[in-house]
Amino acid sequence: APMSDLPERSPVAAAPISVVLLGHGDEDHLEETVSAWTAYLAARGQEYEILLAGDDQNQTAREALASRHDRVRLVHDHPRRGPGASLRAALAHTRYPLFFYTTCDRQYRPEDVGPLLQWIDRVDLASGYRVWPRGSRRWRVADRAYRWLVRVLFAVRLRDLGCWFLLARRSVFDRIPIQSDGPFAHAEILAKANFLACMMTEVPVVYRPPTDGVAVPDQTRLGPLLAELYRVLADPQFGPAVPPPPSEPKA
């Protein structure tokens with residue numbers, strides 16, 4: 001829907017933002033990527049934090065980055081469990097009303113967060129969809145089948161489930177615990193948000209395909225992906241609709 005047709009929500013676009021950069025063990029451009037994000041967020045003039053989560057094979061470089069940037073923190077989790085587990089661990093450490101995640105590489109540009117922020121006062125989540133360079137390989141049959149399957153089973157009608165570039169109100173995740181450890185986590189978030197009648201939109205973002213042709217997180221391994229899809233479909237978990245009242249102090 002056009003932005004003007006959507007109802008106003010509580011304004012949050014200028015609120016502090018938590019940015020999660022998900023690593024994957026191939027971080028040759030780690031310092032370049034983190035520097036680009038810190039420069040962009042600092043230029044916006046709003047409070048921010050950056051959390052580095054995921055595969056930390058390059059632990060020494062990550063620790064050095066965190067020591068040089070006071071807004072950068074490491075999330076120590078179990079990286080080999082997958083991007084969903086890393087994202088879940090990062091959520092537990094975020095402090096701000098806006099929550100954003102993407103991959104810690106050069107696939108996406110920091111400045112493409114701007115259009116998502118323009119939408120967030122009228123929606124609960126804003127997700128990117130990839131605009132590929134001219135002449136590059138685009139959708140595979142498996143990508144189309146996966147999108148169709150998620151649409152049929154979960155009624156998610158967004159066009160690009162492989163685009164890990166999402167901005168949300170942090171409060172949304174009070175009702176959306178992430179069950180998936182692997183790359184189904186992104187679709188799980190969208191499916192649960194859709195079930196809870198959250199307002200969502202999709203915004204184009206510039207995409208730079210990796211040189212090896214495999215997107216990160218890797219969604220080409222259909223076996224684990226479908227296993228997590230089935231687990232969420234068979235036993236979807238949600239947080240409490242109303243926060244529990246504070247416990248009475250003991251006499």
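In which loop is aspartate 112 found? Select this residue to begin: aspartate 112 sits in the loop between β4 (98–103) and α4 (113–119). Helices (H or I, at least four residues) and strands (E, at least two) are DSSP runs, numbered from the N terminus.

The model on display is predicted: local features need pLDDT of at least 70, side-chain atom pairs count only at pLDDT 80 or more, and totals for chains, interfaces and linings use all residues. Residues are numbered from 1 along each chain as its sequence is written, and side-chain values use heavy atoms, with hydrogens and water left out.

**The starting residue**

Aspartate 112 counts as buried because its relative accessibility is 7%; buried means under 20% relative accessible area, exposed over 50%, and partly exposed in between (1.4 Å probe, protein chains only). Leaving aside neighbours within four places in sequence, aspartate 112 is in contact (heavy atoms within 4.5 Å) with Phe165, Val205 and Val206.

**The whole chain**

The protein has seven helices and seven strands, and from the N terminus on they run β-α-β-α-β-α-β-α-β-α-β-α-β-α. Of its 251 residues, 49% count as buried. Among contacts between residues at least 6 apart in sequence, 80% join residues at least 24 apart.

**The nonpolar cores**

Now select Val20, Leu87, Tyr101, Leu125, Val150 and Phe184, the residues with the most contacts inside the largest nonpolar core, which has 37 residues. Such a core is a set of buried Ala, Val, Leu, Ile, Met, Phe, Trp, Tyr and Cys residues joined through side-chain atoms within 4.5 Å. Elements that give two or more residues to this core include β1 (17–24), β2 (48–55), α3 (83–91) and β6 (166–169). Its largest share, six residues, comes from α6. Apart from this core lies another, of 36 residues, with Leu21, Tyr48, Leu65 and Tyr108 among them.

**Two helices side by side**

Finally, select α5 (141–154) and α7 (222–234). Their axes, which are lines fitted to C-alpha atoms over the stretch in contact, come within 12 Å and cross at roughly 5 degrees. Angles run from 0 to 180 degrees between N-to-C directions. The two helices are therefore roughly parallel, a term for angles under 35 degrees. From α5, the contact is made by Ala142, Tyr146, Leu149, Val150, Leu153 and Phe154; from α7, by Leu222, Leu225, Leu226, Leu229, Val232 and Leu233.

Terms used
Parallel < 35°, antiparallel > 145°, perpendicular 65-115°, else oblique.
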